[in-house]
Amino acid sequence: MRHFLVMTLFALLSATVFGVVAKESPRDRFLYGIKVFAEFMIIGLALAWILYFIPF
Amino acid sequence: MQKEKLKEKTPEETPSRAWAMGAAGWLLPGAGHLLQGHWGRALILGGAVWICFVCGLMMGGHMFSVGGEQQGISALLQIPPMIANLGSGLLYLASWFFDVGFADDPQAAARATYEYGTTFLLIAGLLNYLVMLDAFDISAGRKA
């Protein structure tokens with residue numbers, strides 16, 4: 001559980017900075033931030049499941 | 001006609017104020033935006049970097065520096081992560097001065113959150129480089 005929370009915090013902080021820095025309008029920033037956050041989480045979980053099945 | 005074309009192509013000079021804002025942003029995360037009156041941006045961007053750095057330290061993360069016991073290739077391998085850590089500006093320098101997060105302690109390395117902490121500290125520096133560039137661009141008039 002702790003690992004998941006740390007990953008979530010990491011994704012949240014990175015997505016915040018990426019969203020604010022990359023786009024101009026508040027709406028675009030919010031949407032881009034959400035998109036980056038979702039990408040971090042989905043890719044992180046996908047990699048975790050892939051590595052779970054690798055025995056070494 | 002040709003002179004006009006040449007004039008159009010000449011790149012705009014970057015105002016010295018932009019360099020100062022960039023330097024302030026690097027030195028103290030969020031300060032570059034704060035000095036320009038972008039309070040909200042300073043709070044969000046600077047806050048994200050500060051939280052990332054403090055969480056990294058609380059997790060027992062390790063920061064990198066050149067000039068330790070390492071020699072040869074091992075010393076060279078310390079340079080890229082040190083550049084990432086250095087992005088935190090004064091936070092990195094203060095930690096180095098007070099020797100917080102620099103000790104090669106096997107007990108600290110054994111903590112479950114050690115690797116997470118180290119990653120958070122690296123990311124705090126890298127994110128601050130982005131924040132610094134944002135402050136620079138705003139001051140140079142390249143961004144609203």
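**Entry 1: an exposed loop residue.** I began at B:Asp99, which is exposed because 8 other C-beta atoms lie within 10 Å. The cut-offs I used: 20 or more other C-beta atoms within 10 Å make a residue buried, 12 or fewer exposed, and anything in between partly exposed, with C-beta atoms placed from the backbone. B:Asp99 lies in the loop between α7 and α8 (106-109) of chain B. Its phi is near 55°, a positive value in a residue other than glycine. For context, most residues other than glycine have a negative phi.

**Entry 2: ground rules.** This is a predicted model, so I kept local features to pLDDT of at least 70 and side-chain atom pairs to pLDDT 80 or more, while totals for chains, interfaces and linings use all residues. Residues are numbered from 1 along each chain as its sequence is written, with chains lettered from A and ligands numbered from 1 in the order in which they are written. Helices (H or I, at least four residues) and strands (E, at least two) are DSSP runs, numbered from the N terminus.

Entry 3: Is B:His62 buried or exposed? B:His62 is buried, with 21 other C-beta atoms within 10 Å. I found B:His62 in the loop between α4 and α5 (73-76) of chain B. Beyond its neighbours within four places in sequence, B:His62 is in contact (C-beta atoms, placed from the backbone, within 7 Å) with B:Gly101 and B:Thr118. Next I looked up B:Ala20, in helix α2 of chain B. B:Ala20 is partly exposed, with 15 other C-beta atoms within 10 Å. Its C-alpha atom is 9.7 Å from that of B:Ala135, though 115 residues separate the two along the chain.

**Entry 4: the core.** I then turned to the largest nonpolar core, which has 35 residues. Such a core is a set of buried Ala, Val, Leu, Ile, Met, Phe, Trp, Tyr and Cys residues joined through C-beta atoms within 7 Å. The members that touch the most others are A:Val17, B:Val49, B:Cys52, B:Ala124 and B:Leu127. Helix α9(B) gives the most to this core, with 12 residues. With residues up to four places away in sequence left out, B:Ala124 touches B:Val49, B:Cys52, B:Phe53, B:Gly56 and B:Ser88.

**Entry 5: where the chains meet.** How many residues of chain B are in contact with chain A? I get 15 from chain B, against 10 residues of chain A. In chain B, α4 and α9 are the elements that give two or more residues to this side. That side has 13 nonpolar, no polar and 2 charged residues, where Ala, Val, Leu, Ile, Met, Phe, Trp, Tyr, Cys and Pro count as nonpolar, Asp, Glu, Lys and Arg as charged, and the others, Gly among them, as polar.

The axes of α1(A) and α9(B) come within 10 Å and cross at roughly 10°. Axes here are lines fitted to C-alpha atoms, for helices over the stretch in contact, with angles from 0 to 180 degrees between N-to-C directions. The two helices are therefore roughly parallel (angles under 35 degrees; over 145 is roughly antiparallel, 65 to 115 roughly perpendicular, the rest oblique). Among the residues that meet are A:Phe10 and A:Val17 from α1(A), and B:Phe120 and B:Leu127 from α9(B).

Notes
Two residues are in contact if their C-beta atoms, placed from the backbone, lie within 7 Å.
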